Amino acid sequence: MGIYIELNNFDVSPRLIFLKNRIEYGAPNYLAMLKELTSEHELTVEKIAFLLPVSGGSVVSAWCTGVTPNYEAGEAFLELWKTVTNKTDQDIPRSKKWSI
């Protein structure tokens with residue numbers, strides 16, 4: 001009975017609920033970012049792989065086929081893409097946009 005009273009008296013700010021409803025997220029579109037780096041900035045998949053914590057160019061090429069990189073390689077690739085293109089987190093191409 002004690003926990004019911006505590007939960008019943010728990011107040012949630014309406015602003016908190018409003019902000020949660022506006023959260024949008026989509027996975028990064030690695031294919032679009034790779035195409036941009038290779039076509040506009042003259043980087044090959046081998047050069048990209050050399051700069052990232054991956055074993056070789058075949059790993060980066062696999063991202064073009066829809067393979068998702070592990071967390072460390074994905075974060076490093078996002079930072080590389082932002083540095084080379086002078087863009088921010090808001091400019092990251094996303095796939096499958098959805099909101100809560």
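1. Helix α6 has 15 residues, which at 1.5 Å a residue should span 21 Å; its end C-alpha atoms lie 21 Å apart, so the two values agree. The expected span is defined as 1.5 Å times one less than the number of residues. Helices (H or I, at least four residues) and strands (E, at least two) are DSSP runs, numbered from the N terminus. The model is a predicted one, in which local features need pLDDT of at least 70 and side-chain atom pairs count only at pLDDT 80 or more, while totals for chains, interfaces and linings use all residues. Residues are numbered from 1 along each chain as its sequence is written, and side-chain values use heavy atoms, with hydrogens and water left out.

2. Overall architecture. The secondary structure consists of 6 helices and 2 strands, arranged along the sequence as α-α-β-α-α-α-α-β. Of the 100 residues in the protein, 27% are buried; buried means under 20% relative accessible area, exposed over 50%, and partly exposed in between (1.4 Å probe, protein chains only). Taking contacts between residues at least 6 apart in sequence, 67% join residues at least 24 apart. A contact here requires heavy atoms within 4.5 Å.

3. Residue W81. W81 belongs to helix α6, which covers residues 71–85. It counts as buried because its relative accessibility is 0%. Beyond its neighbours within four places in sequence, W81 is in contact with M33, E36, L37, K87, T88, D91, I92 and P93. The C-alpha atom of W81 is 9.7 Å from that of I48, a residue 33 places away along the chain. Other buried residues of α6 include A73, G74, F77, L78, L80, K82 and T85.

4. M33 is placed in helix α3 and is buried, with a relative accessible area of 0%. Not counting residues up to four places away in sequence, M33 touches P28, F77, L78, W81, I92 and P93. The C-alpha atoms of M33 and P93 are 7.2 Å apart, although 60 residues separate the two along the chain. E36 is also placed in helix α3; its relative accessible area is 13%, so E36 counts as buried. With the same exclusion of residues up to four places away, E36 touches H41, W81, T85 and K87.

5. Aromatic pairs. The structure holds 3 aromatic pairs. Rings of Phe, Tyr and Trp (its six-membered ring) pair if their centres lie within 6.5 Å; planes under 30 degrees apart count as stacked, over 60 as edge-to-face and the rest as tilted. One of the pairs is formed by Y30 and W63, which is tilted, with 6.1 Å from centre to centre and 45° between the planes. Y30 lies in helix α3 and W63 in helix α5 (residues 57–64), so this pair ties together parts that are 33 residues apart in sequence. Both Y30 and W63 are buried.

6. Since W63 lies in helix α5 and F77 in helix α6, the pair ties together parts that are 14 residues apart in sequence. Both W63 and F77 are buried.

7. The largest pocket. The largest pocket holds about 150 Å³ of space. On a 1 Å grid over the protein atoms alone, a pocket is an open set of points where a 1.4 Å probe fits, with protein on both sides within 12 Å along at least five of seven lines; lining residues have an atom within 4 Å of a point. Grid points are joined across faces, edges and corners, and the volume is the space filled by probe spheres set on the points. The lining consists of A27, P28, N29, Y30, L31, W63, G66, V67, T68 and S95.

8. Backbone points to check. Most residues other than glycine have a negative phi. E42, which is not a glycine, has a positive phi of about 55°. E42 is in the loop between α3 and α4 (45–51) and counts as exposed because its relative accessibility is 66%. N86, likewise not a glycine, has a positive phi of about 55°. N86 follows α6 and lies in the loop between α6 and β2 (94–99); with a relative accessible area of 68%, N86 is exposed.
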